[in-house]
Protein chains: 2
Amino acid sequence: MDDKYFIEKAIELATENVKSGAGGPFGAVIVKDGKIIATGVNSVTSENDPTAHAEVKAIRNACEKLNDYQLDGCTIYSSCEPCPMCLGAIYWARPAKLVFAATKKDAAEAGFDDAFIYDELAVPVNSRKLYTEIVKTNNKIKPFELWKKTQDKIAY
Amino acid sequence: MDDKYFIEKAIELATENVKSGAGGPFGAVIVKDGKIIATGVNSVTSENDPTAHAEVKAIRNACEKLNDYQLDGCTIYSSCEPCPMCLGAIYWARPAKLVFAATKKDAAEAGFDDAFIYDELAVPVNSRKLYTEIVKTNNKIKPFELWKKTQDKIAY
């Protein structure tokens, strides 16, 4: 079983997810040592959770299974290029490899905001369409100072 | 109660979270009609969930409370500039406004990967430190084609 096999599985999940009405046309599988250890499908509307994208769901499921907050040695297969949220989640999970099939352009053509969000992240905070304010306060650094001097913390 | 009040609340949550050992030095609150409707703190290590950042947790909590997958008219206050995952989540939740205090530079100085991930998203897929493959398959577009022709879907 190779990349092609697992990516077709992710695409099948995406198609089934539209048929079932659970959410958008996206699926993901996570593979470790040649075996699928978790899957995920978009369930934003059925779970009332805007973060419930296929990759995020698959990462959560895989981490629960591995009892870890990292996906060491895993490969994430996604039916479509991850949106910035999912790509960020993938970086935080630190898998060995990412594989996808459709692109953010394909997603945009189907009506999804992926390309728009990529564009927004690339511009300065005060030029974004999302109205954003930065509040100046001397306290902003306090949580970091406490974190840095805490000895028995779990870094991630 | 103004922006300063709510951002100080988010910073307090971040500090308390380090003290309790639940996770990293980050907190968020979500406000609607002048009232806090949900909060979130980083619980990556205590929940074995790399997506359990403060903003993601707060968004999930707020959506559960509102029984919706959108945060219409809400403001998200975060103790620190959201990482790409969280900023993506915020765009998908579509609040009216985002407010933060510390910056991604502050987070990077405390040892967090936020700035690194921002840099990675800005470079082409094949130049990223995360090894990424794009599998060519004619099936890649099938889920989107089915989505587009499905009549009774819930778009998001």
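Figure 1. Eight salt bridges are found across the interface of chain A and chain B. The structure shown here is a predicted model. One of the salt bridges joins B:Asp106 to A:Lys140, and their closest N and O atoms lie 3.1 Å apart. On the side of chain A that touches chain B, the residues divide into 48 nonpolar, 14 polar and 21 charged.

Figure 2. The size of an interface is often given as the accessible area lost when the parts come together. Here chain A and chain B bury about 7400 Å² between them, and 70% of this area is on carbon and sulfur atoms. Of the area that chain A buries against chain B, 11% comes from A:Tyr91, A:Trp92 and A:Tyr156, more than from any other three residues. In terms of contacts, 83 residues of chain A meet 83 residues of chain B.

**Figure 3. Chain A and its elements.** Chain A has seven helices and five strands. Read from the N terminus, these elements follow the order α-β-β-α-α-β-α-β-α-α-β-α. The C-alpha trace of chain A spans about 50 × 40 × 25 Å along its principal axes.

**Figure 4. Strand β4 of chain A beside strand β5 of chain B.** Strands of a sheet pair through backbone hydrogen bonds, either parallel or antiparallel. Strand β4 of chain A, residues 97-102, pairs with strand β5 of chain B, residues 132-134, in the parallel sense over three bridges. Within this view, A:Phe100 stands opposite B:Ile134 of β5(B).

Figure 5. Five strands form an open sheet with mixed pairing, in the order β5(A)-β4(B)-β3(B)-β1(B)-β2(B). Its edge strands are β5 (132-134) of chain A and β2 (35-41) of chain B, each of which pairs on one side only. From one strand to the next, the twist averages 20°.

**Figure 6. Strand β5 of chain A and the helix on the sheet.** β5(A) pairs with strand β4 of chain B, residues 97-102, in the parallel sense over three bridges. A:Glu133 stands opposite B:Val99 of β4(B). Helix α1 of chain B, residues 3-20, packs on the sheet and touches β5 of chain A as well as β1 (27-32), β2, β3 (75-80) and β4 of chain B. The direction of this helix makes about 145° with that of β1(B).

Note on methods:
Residues are numbered from 1 along each chain as its sequence is written. Chains are lettered from A and ligands numbered from 1 in the order in which they are written. This is a predicted model: local features need pLDDT of at least 70, side-chain atom pairs count only at pLDDT 80 or more; totals for chains, interfaces and linings use all residues. Side-chain values use heavy atoms; hydrogens and water are left out. Contact means heavy atoms within 4.5 Å. Buried area is the accessible area (1.4 Å probe) that two parts lose on being put together, summed over both. A salt bridge is a side-chain nitrogen of Lys or Arg within 4 Å of a carboxyl oxygen of Asp or Glu. Ala, Val, Leu, Ile, Met, Phe, Trp, Tyr, Cys and Pro count as nonpolar, Asp, Glu, Lys and Arg as charged, and the others, Gly among them, as polar. Two strands pair if DSSP finds at least two bridges between them. Helices (H or I, at least four residues) and strands (E, at least two) are DSSP runs, numbered from the N terminus. Axes are lines fitted to C-alpha atoms, for helices over the stretch in contact, and angles run from 0 to 180 degrees between N-to-C directions.
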